[in-house]
Amino acid sequence: MPVKNRLCFIMILIPVLLLVALFTVWSPSRGLGVDVQPRQGSPIQKLFSVKIQHIMSDYSDISFQIKEDVARQLAQNACVCQAGEETFHLPFSDLFYPRVWAHNLQHAFLEMKPDPQSVEHQRAEEYHHFLRRSYSPADMLIIAEANNPLQYPTQGVEVQPLKTIIIPGLSLRQEGKKNYMVNLTATLGTFDVAATVDRVSVRGMGEKHISMSSPDLSALNRQLQFVTYTNTVFHPKTADSVQFGTEGHQSYFTINVGHRVVPKLYNSGKSKGYNITSLVTIATKTFLRYDKLKDLIDSIRQFYPTITIVIADDNEHPKPVTGPHIEQYIMPFGKGWFAGRNLAVSQVATKYVLWVDDDFIFTANTKLEKMVDILEKTTLDLVGGAVREVTGYTATYRHTISVEEGGKDGNCLHMRNGYHHVIEGYPNCVVADAVINFFMARTDKVREVGFDPRLSRHGHLEFFIDALGTMHIGSCSDVIINHASKIKLPWTKTEAQKTYEKFRYSSTNGDSDLHNEVFYFKNRFKCMTSQ
């Protein structure tokens, strides 16, 4: 081959070989596939189940007497929703002594479906998938057996995905043997030792099962101080169940596997006291009430002239709302209440968001500093205030919400007027599960829960039901906002007001069906009671 052609061939071949090499390096290896299926039912978990059943069945031959008053408080896994009985009826008795009403969601939702059995089957499948996705071995019940010579960490062991740690606290407390041996078994990782100790035999290094033995107990315990665990199955948040055993004894503990939570910090500047403008954004949604919205903005500016106001607007013919520190976002016509909340909150750039209706009025009693103070100094994620009507009546709409186990048909939802307890240091504030439509909250927590955009006309408690287990909620009766008067004589109502009432207050079968679907299918409730 001529020298010139040979050089050309080499010049072409080198880039091709480089591309092949790069492809080999960058492409995922088929031989390193990892099973990321949910791991319910692993061999170690089956051992847990057998051991717990054995422990709990001890002393079954001993008689006992049930305390009915205590036993009634225990979960029965077969809840029912029962309406309260009307003991007497007087004018306004429902206002002062509201009865508990009950609603069978299962019946109400399924009776409208042509094939209710397929709906029930789909709901059961979705719930099964939810359990698989949300399951963690850290949720398992582990009982420490008595007189166990094994020492091990009971909680607080964490490793980042695919990283290595030394397992703290491993030891064997046993005397009088010629040879001592321990072993560890994992599911999502492997064991090794960071250092070796004389007179200790170690087998299974780099594997899911490792064993160590020595005639010298002190040497073995010294070796246990160097045992490492390496996570081998990537998952952003899970746990590994570790079996730790010696002759005649088995113990179990969990190693939490997960990324460390990345903080979301807000740079609110440095100032004496609370700089409300840099800490809080006011969010609202408007529909056919530009006159009320103007009154709200004017009242805000009397007390907080530079605070940002975010407006979600789903009017058919939107009008520009202008002014300093005002952001107006136009939505499709009639998109709705919760969709507007999502849009408004999505545009908040401050640590806290204050939600107000577009017909509220700020007064000298609307002290946002009080809300910020309790959010800054407690673990609360959201704090509600009070809304005062023109009649002088002031409402906080405090509710407690509980979910009772109900078996395969779903759970029972119970909502009651009231609160859990007063907050120490804040005599006018209490802990509750739901509050009125005037609240300040941590922006990131509200986004985490979100608002179901299907609820376009009616929706409030649905947000707080979704927030159960996620948000810590309070209510302070001494932070008050006024509600514009709704008292209008029929002949004085404008066309805009009539249209608004038609959209806002008219109820259709579709609205009722949607709420039944939200509670029955999405939240998996079979029934609900409320007060």
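This is a predicted model: local features need pLDDT of at least 70, side-chain atom pairs count only at pLDDT 80 or more; totals for chains, interfaces and linings use all residues.
A residue counts as buried when its relative accessible area is under 20%.

The protein chain averages a pLDDT of 86, and 80% of the residues score at least 70. Residues 22-32 have a pLDDT below 50, and this stretch has zero contacts in the model beyond near neighbours in sequence.

The count of aromatic pairs comes to 12. Two of them are set out here.

| Ring pair | Distance of centres | Angle of planes |
|---|---|---|
| Trp-337 and Trp-355 | 5.8 Å | 75° |
| Phe-338 and Phe-451 | 5.2 Å | 70° |

Planes over 60 degrees apart count as edge-to-face. The planes of Trp-337 and Trp-355 are at 75°, so this pair is edge-to-face. It links distant parts of the chain. Trp-337 is in helix α10 (residues 337-346), and Trp-355 is in strand β16 (residues 352-355). The two are 18 residues apart. Both Trp-337 and Trp-355 are buried.

Phe-338 and Phe-451 have their planes at 70°, so they too are edge-to-face. Phe-338 is in helix α10, while Phe-451 is in the loop between α12 (443-449) and α13 (461-466). They are 113 residues apart. Phe-338 has a relative accessible area of 1%, so it is buried. Phe-451 is at 5%, so it counts as buried.

Ring pairs also join Phe-338 and Phe-451 with Phe-439, Phe-463 and Phe-464 in a cluster.

Charges meet rings as well. Arg-123 lies over the face of Tyr-520, 3.9 Å from the ring centre. The charged end of Arg-524 sits over the ring of Tyr-127, at 3.6 Å from its centre.

Definitions and conventions:
Residues are numbered from 1 along each chain as its sequence is written. Side-chain values use heavy atoms; hydrogens and water are left out. pLDDT is the predictor's confidence in each residue, from 0 to 100. Contact means heavy atoms within 4.5 Å. Rings of Phe, Tyr and Trp (its six-membered ring) pair if their centres lie within 6.5 Å; planes under 30 degrees apart count as stacked, over 60 as edge-to-face and the rest as tilted. Helices (H or I, at least four residues) and strands (E, at least two) are DSSP runs, numbered from the N terminus. Buried means under 20% relative accessible area, exposed over 50%, partly exposed in between (1.4 Å probe, protein chains only). A charge sits over a ring if NZ of Lys or CZ of Arg is within 6 Å of the ring centre and within 35 degrees of the ring normal.
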